[in-house]
Amino acid sequence: MRDAELIFKKYYPRLCAFAIDFLEDKEDAEDIVQDVFKVYLEKNNIISTDELAIKSFLYSSVKNACLNKFRHQKVKDKYCQVFAQEEESDSHGLDNIIHAEIVGSLYEAINELPKGCAIVIRMGYLEGLKNPQIAETLGISINTVKTQKQRGLTLLRQKLGETAILCLMLLS
């Protein structure tokens with residue numbers, strides 16, 4: 001056991017410095033070196049007593065452990081990236097569902113309006129036509145278009161509330 005203690009004292013600082021050069025993290029480096037010494041103590045009866053063989057075993061083991069840590073971190077990073085993309089996609093999908101439901105509710109409510117109001121609301125807010133264009137297309141006066149719009153919005157407000165009306169305004 002005395003030899004193992006001498007080897008530990010001699011190589012621990014060197015191996016930590018070696019591992020830090022790989023990992024750039026002192027705590028991870030120390031953990032790896034300690035794990036390598038644990039394996040060395042478990043296997044020292046099958047490792048040559050030649051100091052060069054021990055040194056080679058220790059440095060190779062630290063290097064391999066550092067590379068394994070890199071590989072593991074790469075897998076973790078890739079998983080986190082995929083997870084973040086899925087989360088973003090889920091969020092975007094949820095936004096799309098909410099938007100579709102709001103639009104669906106608006107269309108249902110518009111379809112329940114009196115025919116004249118429904119046509120003017122659709123043309124003005126969903127198709128984006130201006131009052132003069134609606135008047136010309138329907139062959140009615142601009143004042144009638146304004147009245148139908150006002151009446152339609154009042155009925156929609158009663159049916160759906162202010163939030164839905166704001167959504168309708170944003171759609172146009």
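**Figure 1. Overview of the predicted model.** Of the protein's 172 residues, 26% count as buried. The model is predicted. Its secondary structure comes to 7 helices and 0 strands. From the N terminus on, the order of elements is α-α-α-α-α-α-α. The accessible surface comes to about 11,800 Å². Carbon and sulfur atoms hold 54% of that surface. Among contacts with a separation of 6 or more, 59% join residues 24 or more positions apart.

**Figure 2. The largest nonpolar core.** This core has 20 residues. Ile-7, Leu-15, Val-33, Phe-37, Tyr-40, Leu-58 and Val-62 touch the most other members. Three helices each supply at least two residues of the core: α1 (2-23), α2 (26-43) and α3 (51-111). Helix α1 gives the largest share, 8 residues.

**Figure 3. Surroundings of Phe-37.** Phe-37 is one of the core residues that touch the most other members. Leaving out residues up to four places away in sequence, Phe-37 touches Ile-7, Phe-8, Tyr-11, Tyr-12, Leu-15 and Leu-58.

**Figure 4. The loop between α1 and α2.** Glu-24 sits in this loop. Its phi is near 60°, a positive value in a residue other than glycine. Is Glu-24 buried or exposed? Glu-24 has 72% relative accessibility, over the 50% cut-off, so the residue counts as exposed.

**Figure 5. A second core and Leu-153.** A second, separate core holds 9 residues. Its members include Ala-109, Ile-110, Leu-113 and Leu-156. Leu-153 is placed in helix α6. At 7% relative accessibility, Leu-153 falls under the 20% limit and therefore counts as buried. Leu-153 and Ile-110 are 43 residues apart along the chain. Their C-alpha atoms are separated by 9.4 Å.

**Figure 6. Packing of α4 against α6.** Two packed helices are described by the angle between their axes and the distance between the axes. For helix α4 (residues 115-126) and α6, the axes come within 8 Å and cross at roughly 95°. That angle lies in the 65 to 115 degree range, so α4 is roughly perpendicular to α6. On the α4 side, the contact is made by Gly-116, Cys-117, Val-120, Ile-121, Gly-124 and Tyr-125. On the α6 side, the residues are Val-145, Gln-148, Lys-149, Arg-151, Gly-152, Leu-153 and Leu-156. The contact divides into 7 nonpolar, 4 polar and 2 charged residues. Leu-153, buried at 7% relative accessibility, is one of the contact residues from α6. Leu-156 takes part in this contact and belongs to the second core.

**Figure 7. Packing of α5 against α6.** Helix α5 (residues 131-138) packs on helix α6 (residues 142-160) at an angle of about 110°. Their axes are 8 Å apart. How are α5 and α6 oriented to each other? The angle is within 65 to 115 degrees, so they are roughly perpendicular. From α5, the contact uses Asn-131, Pro-132, Ile-134 and Ala-135. From α6, it uses Ile-142, Val-145, Lys-146 and Lys-149. By class, the contact has 5 nonpolar, 1 polar and 2 charged residues. Val-145 and Lys-149 of α6 touch α5 here and also take part in the contact with α4.

Definitions and conventions. Residues are numbered from 1 along each chain as its sequence is written. This is a predicted model: local features need pLDDT of at least 70, side-chain atom pairs count only at pLDDT 80 or more; totals for chains, interfaces and linings use all residues. Side-chain values use heavy atoms; hydrogens and water are left out. Axes are lines fitted to C-alpha atoms, for helices over the stretch in contact, and angles run from 0 to 180 degrees between N-to-C directions. Helices (H or I, at least four residues) and strands (E, at least two) are DSSP runs, numbered from the N terminus. Angles under 35 degrees count as roughly parallel, over 145 as roughly antiparallel, 65 to 115 as roughly perpendicular and the rest as oblique. Contact means heavy atoms within 4.5 Å. Ala, Val, Leu, Ile, Met, Phe, Trp, Tyr, Cys and Pro count as nonpolar, Asp, Glu, Lys and Arg as charged, and the others, Gly among them, as polar. A nonpolar core is a set of buried Ala, Val, Leu, Ile, Met, Phe, Trp, Tyr and Cys residues joined through side-chain atoms within 4.5 Å. Buried means under 20% relative accessible area, exposed over 50%, partly exposed in between (1.4 Å probe, protein chains only). Accessible areas come from the Shrake-Rupley method with a 1.4 Å probe; for residues, only the protein chains shown count as cover.
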